[in-house]
Amino acid sequence: MAGYRIMVIDDEKIVGDMAKMSLEQDGYEVETFLNAAPALERLREERFDIVVTDYKMKGIDGMEVLKTVKKLFPATKVIMITAFANLDAAIEALRGDVHDFFPKPVKIKELKASIQRALKRP
Amino acid sequence: MNNTFKLFEPFLSRVSRSFRLWKRSESPESFSVIFDRFREVLERNNRSLEIITDMGEKLGGDYLFDVMYIRKAYGELREEIRGSILNFDLLTRNRYPELHAAYERIDTLIRRMVDGIPSMAREMVISFDNIDWHKFREVGGKNAHLSEVKNRLKLNVPEAFVITTDAFDAFIDHNGLRERIAQRPDAMIDETAMKALQESILQGEIPAVIDIALRDALEKIREKSGDCFLAVRSSAEEEDGGFSFAGQFETILNVHLDDVAVKDAYKKVVASLYSSKAMAYQRQLGYEIGRMRMAVGCVVMVDAVSSGVMYSTGPGGNEGYLLINATWGLGGSLVEGKIDGDLYVVRKESEPEMVNAAYGKKGSMMISLKEGGTTEVRTPDDMEMKPCLTGEQIAELAREGMIIEKYFGNPCDIEWAIGKSGTISILQARPLMIQGEGERPAIVDEDWADSGYALLFRNRGTVVQKGAGSGKVFAVKHPDELNSFPKGAVLVARHDSSLFVQVMPIASAIITEIGTPMSHMATLCREMKVPTVVNVGDAVLTLKQGQEVTLYAGDENTVAVYEGVARHLLARGQADSVMMEDVYEFRKKRYIMRYITPLNLVDPLMNEFTPEGCKSMHDILRFMHEKAVAELVESARRESIRSRGHGNVMKLDISVPAGIIVMDIGGGLDVHSDDTKATLEQIRSVPLRAIIRGMVHPGLWQSEAISLKVNDFLSSMMRMPDIVSDSEHYAGYNIAVISKEYVNLSIRFGYHFTMLDCYCSDSARNNHIYFRFVGGATDIVKRSRRVELIAAILREYGFNITTKGDLIVARLANIGRDETEALLDKVGRLIAYTRQLDALLHDDSAVTQYTRDFLSGHYEH
């Protein structure tokens, strides 16, 4: 999976740290952010293949991240993770063309499988 | 004998206590109310254990989780446990008020950790002997590890104490350094500022609160070890697992047992936390710079003839070997890489074998100075090339290394020294970070074929703890046999049992025929990282005593057992869990599980089986379960006495003259309102039906007329009044209190009293069988033969047995429904079988004979 770049945005450090550790093991390049504003800035500088973002965050939330990414970089896939497994949020995200939606805790294996699917699909 | 009595004591006191209660209470609560409370305790305990298992899984490294998850899951766990305690209090009529304090203590610890509130205890100095489970964070990782080697593994560690992380905070605050140690996470490390900070620490004043505690600790060391010297060394705050910090911080050797000298050394060690080297290292590991707190260990110096380092696993990743590096005198020059020393390669087996040695030229050696400090001197010529260790010392060091590695579930870097007396002292034990071999794919089918080892069985059973282990099969039928369990063996047993914990530190793997991944044992296996598979069924028969085997337990219940030591599998088995250990936030968050999962109250008969002995939420649940069962047994017994002659009872109409009266408290019988008797077919109580089936088994009732000799008869007449103190209540009646999943059966045949209490449901965790047998005609010799016979048979079925005189208590818990039914059938047969058997037990060989007969299904006397 060398060469693919993944961004992880979550306001809890542990999520980003764990995701980084396990995704880097598979050869991805991973950058993590504790909030969305600098993450979106970074997206303007550098192309990312996948953005994994928390749904509920202070300031810019996951839905806004999704909308911005889809508007600016339609090819980048967004995977949403959330502590609130609520149906409305999932539907809203799906309408916004989210690639996948996971309630936390997320099984890392499943997240990786989802990332692989996202990279296969054009 | 004393020991037996001790084991038996809790039971006796329980009986006498419940008698007092029973007499005191004018209108005891109805049994069905008591039973409902019992069930509520069980159900809540079950849900609690499910939450604990789920938390263990989610926090195990395979999931991304956040604090919100921990709060939510722990919140649910608290709810269940509190509800359980409430019902438990009602059930036991507040007999264990101390349980509340135990719960509060553990709950406070956990909630503080979840919410990041610092500890309130603020102990400045703690002796190694007093380092308890809940003080690990205060003493730092290295000290915690070493104190465990001393206190739990009972290996030889010198006298020592710790200046705690709370003392560190007190020191920093007292000298107004708090702001200066805080660093912005992304800022460059300012070297000049750090140098100035170190200088301020060296000049800092030790606050009185530390000073007093320190002098006290030094005095205690002097009392025990005389006028000795100390090694003063760093121990960074323990989160979980953690990093070695090898060589990052200062260690001061041979410090005078004097408060000024120790305080100076202390400040040097604390200052070393802020060296630019150490700061860069912390940042690299993801620590928030300036947040790390440091404890300092003060350990009595060993006047070392030789010393060195041991890697419990060779860094080449070769798991089968350990390395010992040794030199004359103190080990300092070795650690710093100044001299070669001797290198010994030892194969890790139950009898460790040295397979290679290289003797370095030990041109110089470090020795302690009488005035304090150390110096390097020339090694005497005749010692330069001479091996520092004897074969015996190498083997003993290796054995200790293996014990330590097993205990921590990780390869360890161990510092040791051998004093003039030849005794080995362990000075340090810290995790050894060994690079993994990169990606390790799951085992695929080809692997089985290509392995070159004979496959004994595969994909049978349930994986409890992933991993791989190999060793000689040691089949355990009864807990007593655990005493002779060889180091490194593979434990094979019929049932799982939490008693196995005593050999877990030295077991390579555990395989059981029956068992669940949710049992107490399973939790312990996960905690101790012993590769374990349960429920393999009759596949267990392919394993022969003493045979060398390898167990591989992987993802999705991939199980394989090979003949021989399959080293490639051992390497692969260790892969999975290691990775996340490197994530600081993960270790920190997962730390709370230390106060939730571990089970310390393993054996209900041990002295610590008290509310005060509870160190985790799991302990609290275990304690309640055990005492709730005890309460139920006694309540049911009282109920059966009370209900005699009352309306809500019914005679059992079965094919043998057992004369059993049944009292149904819910769902135990399927009878019409006009029925006066219940038949076997009408019994809906799962456990009662199983017992009765056993009792009416063909061949058990044909031999009614066994003549008692005159002596037997007289002897039984004389004994009648003291068979049990309440025997008159039972006279003439055999009573069963039942529900759909429960039975409490009191039965008297001739002069034998049997009491059987059993809960038998679909959830193995709830199930228990409690069997008590007492009294009987015939002389004392025959009575003890009968005890022997019953004990031998029940032991064969896996029961834990306690005997005293002619009383037997047998217990078994955590067994699946089918297994429970099968056992009850056997116990039913045994009750019928032993009715008059003792009159036949004329000599000791008869015990063996009848035991064998019974076990092979020959019931005719």
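**Briefing on chain B**

Chain B contains 26 helices and 31 strands. The model is predicted. Of the 861 residues in chain B, 46% are buried. Among contacts in chain B with a separation of 6 or more, 68% are between residues 24 or more positions apart.

**The nine-stranded sheet**

- Chain B has an open sheet of 9 strands with mixed pairing, in the order S25-S23-S24-S26-S27-S28-S29-S31-S30.
- Strand S25 (677-679) and strand S30 (800-804) of chain B each have a single partner strand, so these edge strands are left with one side lacking a neighbour in the sheet.
- On average, neighbouring strands of this sheet are turned by 20° against each other, direction ignored.
- Helix H21 (residues 686-695) of chain B packs on the sheet, where it touches strand S26 (734-739), strand S27 (742-749) and strand S28 (752-759) of chain B.
- The direction of H21(B) makes about 30° with that of S27(B).

**A strand pair within the sheet**

- Strand S29 (residues 768-774) and strand S31 (residues 807-813) of chain B run antiparallel and are joined by 6 bridges.
- In this pair, B:Ile769 of chain B stands opposite B:Leu812 in S31(B).
- Strands of a sheet pair through backbone hydrogen bonds, and the pairing is either parallel or antiparallel.

**Helix H11**

- Helix H11 of chain B covers residues 259-271, which is 13 residues.
- From its first C-alpha to its last, H11(B) reaches 18 Å, close to the 18 Å expected at 1.5 Å a residue.
- Buried residues in H11(B) include B:Val262, B:Ala265, B:Tyr266, B:Val269 and B:Val270.
- Lysines are also among the buried residues of H11(B), including B:Lys263, B:Lys267 and B:Lys268.

Conventions:
Residues are numbered from 1 along each chain as its sequence is written. Chains are lettered from A and ligands numbered from 1 in the order in which they are written. This is a predicted model: local features need pLDDT of at least 70, side-chain atom pairs count only at pLDDT 80 or more; totals for chains, interfaces and linings use all residues. Two strands pair if DSSP finds at least two bridges between them. Helices (H or I, at least four residues) and strands (E, at least two) are DSSP runs, numbered from the N terminus. Axes are lines fitted to C-alpha atoms, for helices over the stretch in contact, and angles run from 0 to 180 degrees between N-to-C directions. Two residues are in contact if their C-beta atoms, placed from the backbone, lie within 7 Å. The expected span of a helix is 1.5 Å times one less than its number of residues. A residue is buried if 20 or more other C-beta atoms lie within 10 Å of its own, exposed if 12 or fewer, and partly exposed in between; C-beta atoms are placed from the backbone.
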